[in-house]
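Reader: Could you take me through one part of this model up close? I'd like to hear about the nonpolar core and the strands around it.

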Amino acid sequence: MRSMVLLALLALTASCAGGKRGGSGLDGGDRCDSDDDCNDSIDCTVDTCGVGGACRFMPVDELCGDGETCSASRGCTTTADCSSDEDCADSIDCTVDSCGVDMTCRHMALSELCEGGETCDASMGCVAGSGCASDGDCDDSIDCTLDSCGVDMTCRHMALDARCADGEACSETLGCYTPMPCDTADDCQDESFCNGAELCMPEFGCAPAATPRACDDSDDCTIDMCDTTADMCVFACDTSRSECGCPTTGPTCVGTFSLSPGPTYSCGLGAVSYNFSTVTFTIDAGIMTATPMSSSFPPLSDAMGSVCPEFDASVTVSGGCEERYRLYGTFTDDDTFTGTLEVTFVETDGYSCSLGSCTNRTQAVTGTRI
């Protein structure tokens, strides 16, 4: 009997010496095709099938008790990032940087902004080939997710509630958040189009969208993205690809223009007031904006990106009487355009626009470069 036990121990020792568990405890020697093939029976590790088909056993201290740390071999042993999107600029040209509702930065990778055959990595920028090569390629800048490179060479971001404070949960897209009680998904919507549709799990409360809004017009010749300022999808012609036939000549559609007649209007005892006597057009990342002279007035964005010489820009100003502004037209040359300004008032929350003498308006205009 003792000889049989000794043989079994020798066999186990030989197996361990052959590298069944990597030296650091992170990379296992077990071969795998999926996460189901990997299980080390240690509660505080996350077991996955990593790139190269090797089991990964990643220790997570937050899955242990207070004062304990997680060992991959032994188990448990004894402020806001941002206030605005500008705070989140990461100097990586192929990411769309924004400040989330939990005041943490988000960096949305858009491979369409890279050269042909390249993909956008949120931490490295445009890279050749497809997929990741290591966990370092997969950092999503969200503290409560465990980032890893999977066997299929795609990044994984596993949300770990244990990395959040008591009463908070982890979202793969927003980080730690406090669930709010709800009955339906309508109770959870935050009126931000680009971060996707929020979810309601009655037992647990509101949860952020699983993924941000996917803007896709199925056109290979457009750069698809979600404009967080205008709360809409925008599709800009990809000027880096000659086969797309994007406009490359004609008016620049950029500059400050004087509008005639100068559209100005005030109603609702001054609650509604606009002045389009002067409008400045800019194009940034393929998106055209039109900003009237009023310093406090929000810019109008072209939902289809810049398709100069034509433009169609709009913005909605929320309130008791919702204001919808649309300026559209065509540049005849670098210094002149003809167009139309439409202003529509929509009653919301039981507020009557007519009580403030606010009426819909449509006005033909001509713009001349200043």
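Author: The largest nonpolar core has 28 residues, and those with the most contacts inside it are Phe276, Phe281, Leu300, Tyr325 and Leu327. A nonpolar core here is a set of buried Ala, Val, Leu, Ile, Met, Phe, Trp, Tyr and Cys residues joined through side-chain atoms within 4.5 Å, with buried meaning under 20% relative accessible area (1.4 Å probe, protein chains only). Strands that each supply at least two residues of this core include strand 21 (278–284), strand 24 (310–317), strand 25 and strand 26; strands are DSSP runs of E, at least two residues long, numbered from the N terminus.

Keep in mind that this is a predicted model: local features need pLDDT of at least 70, side-chain atom pairs count only at pLDDT 80 or more, and totals for chains, interfaces and linings use all residues. Residues are numbered from 1 along each chain as its sequence is written, and side-chain values use heavy atoms, leaving out hydrogens and water.

Now zoom in on Tyr325.

As for the strands, pairing takes at least two DSSP bridges. Strand 25 (residues 321–333) pairs with strand 26 (residues 336–347) in the antiparallel sense over twelve bridges, and the two form a hairpin with two residues between them. Thr330 sits opposite Thr338 in strand 26, while Glu310 has Thr330 as its bridge partner in strand 25. Strands 24 and 25 run antiparallel too, joined by eight bridges.

How values were computed: Helices (H or I, at least four residues) and strands (E, at least two) are DSSP runs, numbered from the N terminus. Buried means under 20% relative accessible area, exposed over 50%, partly exposed in between (1.4 Å probe, protein chains only).
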